[in-house]
Amino acid sequence: MTNPGTLYQQVRSHLAYLKLGAVAEALPSELDAAAKTKLSHTEFLHRLLSVEVDATEARRHAGRLRFANFPAPWRISDFDFTAQPSVDEALLRDLATCRYADDATNVLFIGPPGVGKTMLAIALGHAAVDAGLRTYYTTAADLAARCRKAAVEGRWANTMRFFKGPTVLIIDELGYLPMPAEDANALFQVISQRYLHGPIILTTNRGVASWGDIFDDTTIAAAMLDRLLHRSVVINITGDSYRMRAHRARARKLTQGGNA
């Protein structure tokens with residue numbers, strides 16, 4: 001008969017060989033729990049495998065989060081819907097289920113600076129990561145710069161494949177800076193690559209009628225909009241800037257303090 005201590009060490013060795021580190025770490029406590037509660041073999045095995053599954057999912061989630069490149073940890077729960085009544089909370093919570101990704105429906109947030117477009121886009125991005133979807137965030141300016149560099153270095157095709165790869169691509173801050181023809185063409189190529197294949201979440205401070213001003217080319221603007229709007233949810237956000245509202249609140253507080 002095999003010595004119990006030797007058998008235990010062999011089990012640990014097998015777990016290490018199979019790279020089941022979470023199970024190896026949990027084994028002593030799970031053995032104690034099994035003995036105390038008289039678990040069946042099947043129940044014991046289920047508990048051990050659940051530990052490894054949870055650890056594997058946590059690692060994968062952390063990897064998706066690193067890849068996503070989010071600049072902030074915002075979630076839907078962080079958004080103050082009462083401060084922005086133009087945003088349909090029910091619609092946003094429905095979008096957070098990520099059903100839009102099933103048929104590559106784009107999501108466009110349109111509104112002036114400071115009304116929460118980026119916050120909502122990133123919040124949807126976090127929901128996508130939580131749902132197991134590979135997601136990537138970039139600003140329009142950074143995307144254009146990356147594509148310019150790729151063209152110079154002969155990596156254009158690789159870069160196009162990179163931007164086509166994520167299930168969800170977030171392009172933030174379109175329209176804050178004018179885009180020369182080269183940059184406009186790069187953005188058009190990315191949008192075309194993803195058309196009907198993967199959704200884009202896009203934020204812009206310009207209404208669709210003004211896109212010709214962003215690119216200084218109404219033809220390419222129309223071609224982008226044709227692809228983006230064909231299958232899309234467009235959310236127009238109005239109201240005051242969060243930052244300006246906070247600034248006014250601080251100013252009032254200082255004024256009231258000075259008059260006290």
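## Helix α5

In this predicted model, helix α5 covers residues 117–130. Its 14 residues reach 20 Å from the first C-alpha to the last, close to the 20 Å expected at 1.5 Å a residue; the expected span is 1.5 Å times one less than the number of residues. Helices are DSSP runs of H or I with at least four residues, strands are runs of E with at least two, and both are numbered from the N terminus. Just after α5, glycine 132 has a positive phi of about 90 degrees.

Twelve of the 14 residues of α5 are buried (under 20% relative accessible area, with a 1.4 Å probe and protein chains only), so the helix is largely enclosed by the rest of the structure. Among the buried residues are Lys117, Met119, Leu120 and His126. The elements covering them include helices α3 (41–68) and α4 (89–95), together with strands β1 (106–110), β2 (135–139), β3 (168–174) and β4 (200–204).

## The cavity

Rolling a probe the size of a water molecule over the atoms shows where empty space is left. The largest cavity has a volume of about 70 Å³. A cavity is a set of points, on a 1 Å grid over the protein atoms alone, where a 1.4 Å probe fits but cannot get out; lining residues have an atom within 4 Å of a point. The volume is the space filled by probe spheres set on the points, which are joined across faces, edges and corners.

Lining residues include Ala104, Asn106, Tyr195 and Arg231. Helices α8 (181–194) and α10 (218–230) each supply at least two.

## Basis of the values

Residues are numbered from 1 along each chain as its sequence is written, and side-chain values use heavy atoms, leaving out hydrogens and water. Local features need pLDDT of at least 70, side-chain atom pairs count only at pLDDT 80 or more, and totals for chains, interfaces and linings use all residues.

Note on methods. Buried < 20%, exposed > 50% of the residue type's maximum accessible area, 1.4 Å probe, protein only. Contact = heavy atoms within 4.5 Å. 1 Å grid on protein atoms, 1.4 Å probe; cavity = no way out; pocket = protein on both sides within 12 Å on 5 of 7 lines; lining within 4 Å.
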